Amino acid sequence: MRHPRTVMSAVVGLGFGLAAALGAAPAIASSPAPAAPPAASEAHAGYTSDSRSHESAAANKAFFEAVAKSVARKRAENPGTQAVTIVYSTANAPSFRTEISSSARIWNSSVSNVRLQEGSNADFAYYEGNDPSGSYAGTDGHGNGYIFLDHAQNQQYDSTRVTAHETGHVLGLPDHYSGPCSELMSGGGPGPSCTNPYPNANERSRVNHLWQNGFAVALARSGS
């Protein structure tokens, strides 16, 4: 099925670009139709960095803070919980459950200060559909984070890399389109031939730092 293009607010563009929208969308199994992603206002980064890159940075910060606050609220309600766990939902992205699960395993094996887990009462959700802008991560303007996975783009580019890249935004990492293929957050910068779905050492270190220090701030705020 096709979803009408959703106008985005605080959207972190994958950098997997407008050209990806030209491919054919994969067939979706005959199951309940996934919901369209939340409506939002325009602010995104496209396939390459441009004059709107400052919006991408602001959007990434908003997305990370939305997820961190959601996790922090639940931690405050259950102070005995030790591990920092981010819960996600795949209910609205059934075609990508395999890639999402692989992405979670990759990140869980790469960092130690935070874990991703599918479940109810989610901190963010994945959605799927068709959008000329491709895949992106963003917020809905109400403090809720989500990731949108575009069908055509996930055919042109390695789908696990696309998903792992977008999940990197959940963990606080910004786009860096000019980076090499070995850098996950370079997104589509290295081109469709790049299939690396793993974060490099700097990205792993950054995520561990964010969820040790940045999350502590969010946790303190949730209790105030």
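N121 sits in the loop between strand 3 (115–118) and strand 4 (124–129). Its phi is near 50 degrees, a positive value in a residue other than glycine. Most residues other than glycine have a negative phi. N121 is exposed, because its relative accessible area is 59%; exposed means over 50% relative accessible area, buried under 20%, and partly exposed in between (1.4 Å probe, protein chains only).

The model is predicted, so local features need pLDDT of at least 70 and side-chain atom pairs count only at pLDDT 80 or more, while totals for chains, interfaces and linings use all residues. Residues are numbered from 1 along each chain as its sequence is written, and side-chain values use heavy atoms, with hydrogens and water left out.

**Overall make-up**

The protein chain has five helices and six strands, in the order β-α-β-α-β-β-β-β-α-α-α from the N terminus. Helices (H or I, at least four residues) and strands (E, at least two) are DSSP runs numbered from the N terminus. Of the 224 residues, 53% count as buried. Among contacts (heavy atoms within 4.5 Å) between residues at least 6 apart in sequence, 73% join residues at least 24 apart. The accessible surface (Shrake-Rupley method, 1.4 Å probe; for residues, only the protein chains shown count as cover) comes to about 9,600 Å², and 52% of it belongs to carbon and sulfur atoms.

Helix 2 (residues 97–110) has 14 residues and reaches 20 Å from its first C-alpha to its last, close to the 20 Å expected at 1.5 Å a residue. The expected span is 1.5 Å times one less than the number of residues. Buried residues of helix 2 include E99, I100, W107 and N108.

**Aromatic pairs**

The whole structure holds six aromatic pairs. Rings of Phe, Tyr and Trp (its six-membered ring) pair if their centres lie within 6.5 Å; planes under 30 degrees apart count as stacked, over 60 as edge-to-face and the rest as tilted. Two of the pairs are tabulated.

| Pair | Centre to centre | Angle between planes | Class |
|---|---|---|---|
| Y88 and Y126 | 5.6 Å | 90 degrees | edge-to-face |
| Y136 and Y146 | 6.0 Å | 75 degrees | edge-to-face |

Y88 in strand 2 (residues 85–92) and Y126 in strand 4 are 38 residues apart, and both are buried. Y136 lies in strand 5 (residues 136–139) and Y146 in strand 6 (residues 145–150), so their pair ties together parts ten residues apart in sequence. Y136 is buried at a relative accessible area of 1%, and Y146 is buried at 1%. Ring pairs link Y127, Y136, Y146 and F148 into a cluster.

H169 belongs to helix 4 (residues 159–170) and is buried at 0% relative accessibility. Its side chain makes a polar contact with the side chain of D175 at 3.1 Å. A polar contact is a pair of N or O atoms within 3.5 Å; within protein, one must be able to donate a hydrogen and the other to accept it, and residues adjacent in sequence count only if both atoms are side-chain atoms.

S186 is in the loop between helix 4 and helix 5 (201–222) and is buried at 0% relative accessibility. Leaving aside neighbours within four places in sequence, its contacts include R161, H165 and C181.

One disulfide (a pair of cysteine sulfur atoms within 2.5 Å) is found in the whole structure. C181 and C194 form it, with their sulfur atoms 2.0 Å apart. The S-S torsion is about 90 degrees, so the disulfide is right-handed. C181 is partly exposed at 26% relative accessibility, whereas C194 is buried at 4%.
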